[in-house]
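Hi,

Here's the structure I promised to pass on to you. Have a look at it in the viewer first, then read my notes below.

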Amino acid sequence: QVQLVESGGGLVQPGGSLRLSCAASGSFFELNTMGWYRQAPGKQRELVATIDTGRNTNIASSVAGRFTISRDFHKNTVYVQMNSLRPEDTAVYSCNARVRVEFGMPFNEYWGQGTQVTVSS
């Protein structure tokens with residue numbers, strides 16, 4: 001079983017910062033691309049940022065220059081540092097990871113339970 005456990009959400013004022021963390025645990029052979037997605041009420045889930053095993057990143061244009069994604073390979077953890085937060089960043093943020101459970105098996109996607117980020121004064 002692979003588990004993704006997120007932390008770091010909460011309430012912050014506009015212009016403030018938060019850092020989300022997502023740690024992968026369980027038994028697996030390979031942890032590939034990890035990333036963050038978000039879903040606001042009444043909207044579809046959208047990409048926030050991803051980072052692969054070569055530390056190559058893909059950042060949504062709506063957060064570029066404000067959000068930074070990074071990962072700690074030793075801790076199997078991905079982070080997103082969110083600065084200059086805006087009310088429109090309010091959403092449930094979910095962690096995603098492509099995982100190969102055993103050698104030779106295909107990659108499967110796993111999701112965390114989601115963490116609420118609310119930007120409001």
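Below is what I found, going residue by residue. One thing to keep in mind as you read: this is a predicted model.

Let's begin with the disulfide. The structure holds one, and it joins Cys 22 to Cys 95, with the two sulfurs 2.0 Å apart. In case the term is new to you, a disulfide is a covalent bond between the sulfur atoms of two cysteines. The link between Cys 22 and Cys 95 is left-handed, with -80° about the S-S bond. It ties together distant parts of the chain: Cys 22 sits in strand E3 (residues 18-26) and Cys 95 in strand E9 (residues 91-100), 73 residues apart. Are these cysteines buried or exposed? Cys 22 counts as buried because its relative accessibility is 0%, and Cys 95 is buried too, with a relative accessible area of 0%.

Next up is Glu 6, which you'll find in strand E1 (residues 2-7). This one is worth a careful look: Glu 6 is buried, yet it has no salt bridge. Which side chain of opposite charge is nearest to Glu 6? That's Arg 45, and it is 8.9 Å away. What the side chain of Glu 6 does reach is backbone. A polar atom of that side chain lies 2.6 Å from the backbone nitrogen of Cys 95, and the side chain also reaches the backbone nitrogen of Gly 114 at 2.6 Å.

Last, Thr 68, in strand E7 (residues 67-72). At 47% relative accessibility, Thr 68 counts as partly exposed. Setting aside its neighbours within four places in sequence, Thr 68 is in contact with Tyr 79, Val 80 and Gln 81. Thr 68 and Asn 83 are 15 residues apart in sequence, and their C-alpha atoms are 8.5 Å apart in space.

Cheers!

Conventions: Residues numbered from 1 in each chain as written. Predicted model: local features only at pLDDT ≥ 70, side-chain atom pairs only at ≥ 80, totals over all residues. Heavy atoms only, no water. Helix = DSSP H or I, 4+ residues; strand = E, 2+ residues; numbered from the N terminus. Buried < 20%, exposed > 50% of the residue type's maximum accessible area, 1.4 Å probe, protein only. Contact = heavy atoms within 4.5 Å. Lys, Arg positive; Asp, Glu negative; His and termini not counted. Salt bridge = Lys/Arg side-chain N within 4 Å of Asp/Glu carboxyl O. Polar contact = N/O pair within 3.5 Å; in protein donor to acceptor, adjacent residues only side chain to side chain. Disulfide = S-S within 2.5 Å.
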